[in-house]
Amino acid sequence: MGCRQSFRQCCDRPKNTNVRISLPAVCFVWQIVVIILFGIFIRYDQESDAHWAEYRKFQNISSDIENDFYFRYPSFQDVHVMIFVGFGFLMTFLKRYSFSAVGFNFLIAAFGLQWALLMQGWFQSLDPMDGKIKISMESLINADFCVASCLIAYGAVLGKLSPVQLMVMTLFGITLYAVDEYIILNLIHARDAGGSMVIHTFGAYYGLSISWMLYRPNLDQSKRLNGSVYHSDVFAMIGTLFLWMFWPSFNSAITDHGDGQHRAAINTYLALASTVLTTVAISSLSQKTGKLDMVHIQNSTLAGGVAVGTAAEFMLMPYGSLIIGFCCGIISTLGYIYITPFMEKYLKIQDTCGIHNLHAMPGVIGGIVGAVTAAAASEGVYGKAGLINTFDFTGKWKDMVPSRQGGHQAAGLCVALCFGVGGGIIVGCILRMPIWGDAPDDNCFDDELYWEVCLL
Amino acid sequence: MGCRQSFRQCCDRPKNTNVRISLPAVCFVWQIVVIILFGIFIRYDQESDAHWAEYRKFQNISSDIENDFYFRYPSFQDVHVMIFVGFGFLMTFLKRYSFSAVGFNFLIAAFGLQWALLMQGWFQSLDPMDGKIKISMESLINADFCVASCLIAYGAVLGKLSPVQLMVMTLFGITLYAVDEYIILNLIHARDAGGSMVIHTFGAYYGLSISWMLYRPNLDQSKRLNGSVYHSDVFAMIGTLFLWMFWPSFNSAITDHGDGQHRAAINTYLALASTVLTTVAISSLSQKTGKLDMVHIQNSTLAGGVAVGTAAEFMLMPYGSLIIGFCCGIISTLGYIYITPFMEKYLKIQDTCGIHNLHAMPGVIGGIVGAVTAAAASEGVYGKAGLINTFDFTGKWKDMVPSRQGGHQAAGLCVALCFGVGGGIIVGCILRMPIWGDAPDDNCFDDELYWEVCLL
Amino acid sequence: MGCRQSFRQCCDRPKNTNVRISLPAVCFVWQIVVIILFGIFIRYDQESDAHWAEYRKFQNISSDIENDFYFRYPSFQDVHVMIFVGFGFLMTFLKRYSFSAVGFNFLIAAFGLQWALLMQGWFQSLDPMDGKIKISMESLINADFCVASCLIAYGAVLGKLSPVQLMVMTLFGITLYAVDEYIILNLIHARDAGGSMVIHTFGAYYGLSISWMLYRPNLDQSKRLNGSVYHSDVFAMIGTLFLWMFWPSFNSAITDHGDGQHRAAINTYLALASTVLTTVAISSLSQKTGKLDMVHIQNSTLAGGVAVGTAAEFMLMPYGSLIIGFCCGIISTLGYIYITPFMEKYLKIQDTCGIHNLHAMPGVIGGIVGAVTAAAASEGVYGKAGLINTFDFTGKWKDMVPSRQGGHQAAGLCVALCFGVGGGIIVGCILRMPIWGDAPDDNCFDDELYWEVCLL
């Protein structure tokens, strides 16, 4: 703690928010590096390559409609909307930070997805024959997923970082994500269709740890801007609704063809529906006159989708999904009422969007639900082929049994937590250096620092 | 009338808008009941169950892409957007009721779809073997459809009911819808792909009857808030456009695979396009200087989609669709100019969003168009197989002929009307009880009653 | 120049913005004409006709899922969103012109797509057997594409034309487009999947030429309204993001089934991602303190999608797409900084939305990229079958070789330029007539001319 304190003081020089050199430099250099690496490493896979016609004949595939594109593309576009409109508009709720919310979200997502294609490619789909990464629609979905974890982290630090810091945070976040994902999915062989662990738990603790390292004791000097106005709350509802509606696509985008995608979509749809009711109930209970709080409606209604992520493709049963949503609506809303103020006051973690309530807790719940339901899986419920398909008990893992799979799921959750907290602390240290152009404590949450703003 | 009058007086006690007990109680109790009922009744169907792999082999289905998921999912997501963003934002036009418009829309839709899965399941897809309801993507679409009818009804009472009343209205509305739909589609064997009768006619008359029962003689005391501001009108256009764009998906979502979905989408697209032109024409004609009125553009442009609903899958021919849209744009816009004020003044029906013009009249027109075009169907136009597929002349109905089908369509329309008006009157009586926390007449259309609002 | 000057003076009578006769007249007459022409000419094609069941059996098609509907419909809906929400909201950035932006966009798109179905049908899909145009989902996508070119042109004249003028501009624009497209795609046999030439180059120069003909020397009298406010910029970001996200669907909507659609989506996704980074970099560099300009973020981030249009289905390679996006982000943003003011001052072209930077330059770049990459195509990269599929070297064109194809692509670009400039000048002359109800120079960019507006 003393060490952290002294490091902190050393970093606390007066702030200069001019990013005219650093931002363009970072954008140009990184984009050029990415282009070079793409030139060396990235090629189309057989389903997007012009040789598909020959490959199709060779593999005896009866129709073009069996190209994976047609299984994935509608889900991909929904996920894409969640990343850019969903996350972007969800964060527009602050009265004078809408440009940054939606604009920096755009910037870091556009950069992050390119970096993710490289990092995930190296870890997951490097072709041993020619050393190239072969990309397809599924890679694009995975890149969007990867970006989601960094956008979650952005929620914790919203209004407090400069765009350059956000780019750095994203660069490291994507890298950590790719390693983390490789360990959880490939080495540990945990299943995580909707990313409760890999995306939400990791992303949220990554963001919270960074926010903890960058604690601003005098942030209440910016209090006047740390709130919403009427119209900014309506804008934020655009984000909420697109996230809410398309979450079934998020959780089913990369699950198994056929029943896997079908079931994941149904489970997510149901979990989200019951979350809305308990969120409204707790929100109303928490106010003297029973009024609802927009913050809860905008955020906690989504918690069910997070928590059902890992287990979305499992045989949760419709009532199981409803129960998960039911609990998460309550926990998440209570989090906004009690835990966020507690964390700010006692743990020195300033969490602008309350991602602890929306992503961290539901993510951990999702990991636990995944472990329990995997351990409880049985041939009676899944059928023999269904069990093998759902948990991918093939190849090296063909002797795996559900009870052990449950243990692996739990191990995956721990890895996600460790990567999130550990990575966040290290990256937080880096971001404390006084060279990144972030705002002084009395001028946070303000678009005018980084945008030409015309108020009248 | 005298009876209604005295009932009215008995109910007119001073209003208390505190819903701190009732709203959470309703949400919790109903959600718990739904979970229990889901536990007892609802299971995955064979296409979303993990046994699909075995079922597929057994049924000799050649590819996973023939899972119904891939036929329905893109349309489902479009319908989902219409329900939550479309209806939600369409109603944000009031200057200080955007939170309630989009928030309560969210609440009642999330509750309604769960209840709809149960009610529609009991009536339509109870498996006689094990007494369970088997759900799939098509059930989710049907649940969304069912919810649509209650959201239409919400349009009539927008700004005047408390969230608890809306929940009650939805509970009964969904129940009535399920019975109504069972009678029209199963017993009468009417066809109604896009729900002109089942969804729009029923929903609109249900809402109008409720509004009639809850007539507020002093509503003009809230006149200052019963209007739009510049930005709220732009928000409402988000709703309009998403409804307009995705209506082809709405009308084709549950039609026959192949040409049925294809044709329904084309017909709806064309009907909506011509509606826009006649709406603009009449709107401009109605003002002294030819200016357009946003109310018309936001609402009447959608009337063509409503009116083409029943007949969307029929061989309407492209010009037929254009003619339907042409007429509905005129009728709906004239409705806003002449009929809505007339209804308010003489019939004592206060219709906030003008659903009579957007859903009721076009819905009835759609039912009539459906009856006429069904009666006129011939083997020459449809082909033998096409006629059987389109009108489902199979099983018990294999001896049906188009001319009799026309009669059944007309009967379906009458049933929808009766259920709407009758159900609305009964539910309206229930909602008059002075226990629901609705607003006094001089404080309607105001978010501050039910939301924490920060105006600056 | 002298001739143009005198024509201009003759047209400069005092303006009257009352469109109460002309607007309804145009809407009614044209809609009725369209209905009659649809009645004479337009029928369903075999995949949307009720005879599909018989056709399927006859053609030995194994499943309903091979109906073209399932290949195209998700992309179609994305394109539809781009046309109505994307273009519509992108133009809401002006402080008092949001109603017109989104409303007139709606009007001209709804009219344009009907006219496009007719015009494109006559040129491209008239059935020689019965003289009918057979429409399907692909026709609807093509109609939306056609409309896009007119909405691009609308960007140049935003705030300066009356709705009647816009309708006239659209009528001629669609007609020119159909001829232009027929020459480029059918006679010259150029490939243009995403329409860099046919849609963007043509549309942009058409709009710019019209704006040049309608030059308003005293437009700075409306300067007070020719700018954005905070919330209108956030609305415009809705348009930007929906365009950006769905551009992969735009460029892949009508490409070949299978790898063609797959590859086009990947290429577009990557080009757009790198455009964002260079746009941010240049935007930040251009301001003294490194602040970002919303105009650039809203527009230039889309340039990569335009420029990759023609070549989207080619084997551009992922790094190739990134390079295209990289360059276009720079060029487009520099265009906003230097070229737009230059054009206004010296060339007398007033370009409200800066379509020269977003569509014209990137469109031309896209045409050149298409020509170069087509000329460089080889059997080694594409495979024999792939080359034939991608460039459609079949039938009459079966002896075509890539190097000659490159020349044809270049010829196509020239045709698009000529049609755009030539057509724009002629239509501009027509629109100068003082009968159309456009605004005086001191009252442009104002919704109050054509809309009932309530500001409080």
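Contact here means heavy atoms within 4.5 Å. The legends below describe a predicted model.

**Figure 1. Contact between chain B and chain C in the predicted model.** Chain B contributes 75 residues to this contact, and chain C likewise contributes 75 residues. Together the two chains bury about 6400 Å², of which 74% lies on carbon and sulfur atoms. B:Tyr230, B:Tyr269 and B:Leu277 account for 14% of the area that chain B buries against chain C, more than any other three residues.

**Figure 2. Polar pairs and helices on the side of chain B that touches chain C.** Between chain B and chain C there are zero salt bridges, whereas 25 residue pairs are in polar contact, both residues being at pLDDT 80 or more. Helices that each supply at least two residues to this side of chain B include α4 (68–90), α9 (230–252) and α13 (318–347). The largest share, 19 residues, comes from α10(B). By residue class, this side of chain B comprises 43 nonpolar, 23 polar and nine charged residues.

**Figure 3. Contact between chain C and chain A.** In this interface, 75 residues of chain C meet 75 residues of chain A. The area buried between chain C and chain A is about 6400 Å², with 74% of it on carbon and sulfur atoms.

**Figure 4. Polar pairs and helices on the side of chain C that touches chain A.** The interface of chain C and chain A holds zero salt bridges and 25 residue pairs in polar contact, both at pLDDT 80 or more. Among the helices of chain C that each supply at least two residues are α11 (294–299), α15 (379–382) and α16 (384–391). α10(C) gives the most, with 19 residues. The residues on this side of chain C are 43 nonpolar, 23 polar and nine charged.

Conventions
Residues are numbered from 1 along each chain as its sequence is written. Chains are lettered from A and ligands numbered from 1 in the order in which they are written. This is a predicted model: local features need pLDDT of at least 70, side-chain atom pairs count only at pLDDT 80 or more; totals for chains, interfaces and linings use all residues. Side-chain values use heavy atoms; hydrogens and water are left out. Buried area is the accessible area (1.4 Å probe) that two parts lose on being put together, summed over both. A salt bridge is a side-chain nitrogen of Lys or Arg within 4 Å of a carboxyl oxygen of Asp or Glu. A polar contact is a pair of N or O atoms within 3.5 Å; within protein, one must be able to donate a hydrogen and the other to accept it, and residues adjacent in sequence count only if both atoms are side-chain atoms. Helices (H or I, at least four residues) and strands (E, at least two) are DSSP runs, numbered from the N terminus. Ala, Val, Leu, Ile, Met, Phe, Trp, Tyr, Cys and Pro count as nonpolar, Asp, Glu, Lys and Arg as charged, and the others, Gly among them, as polar.
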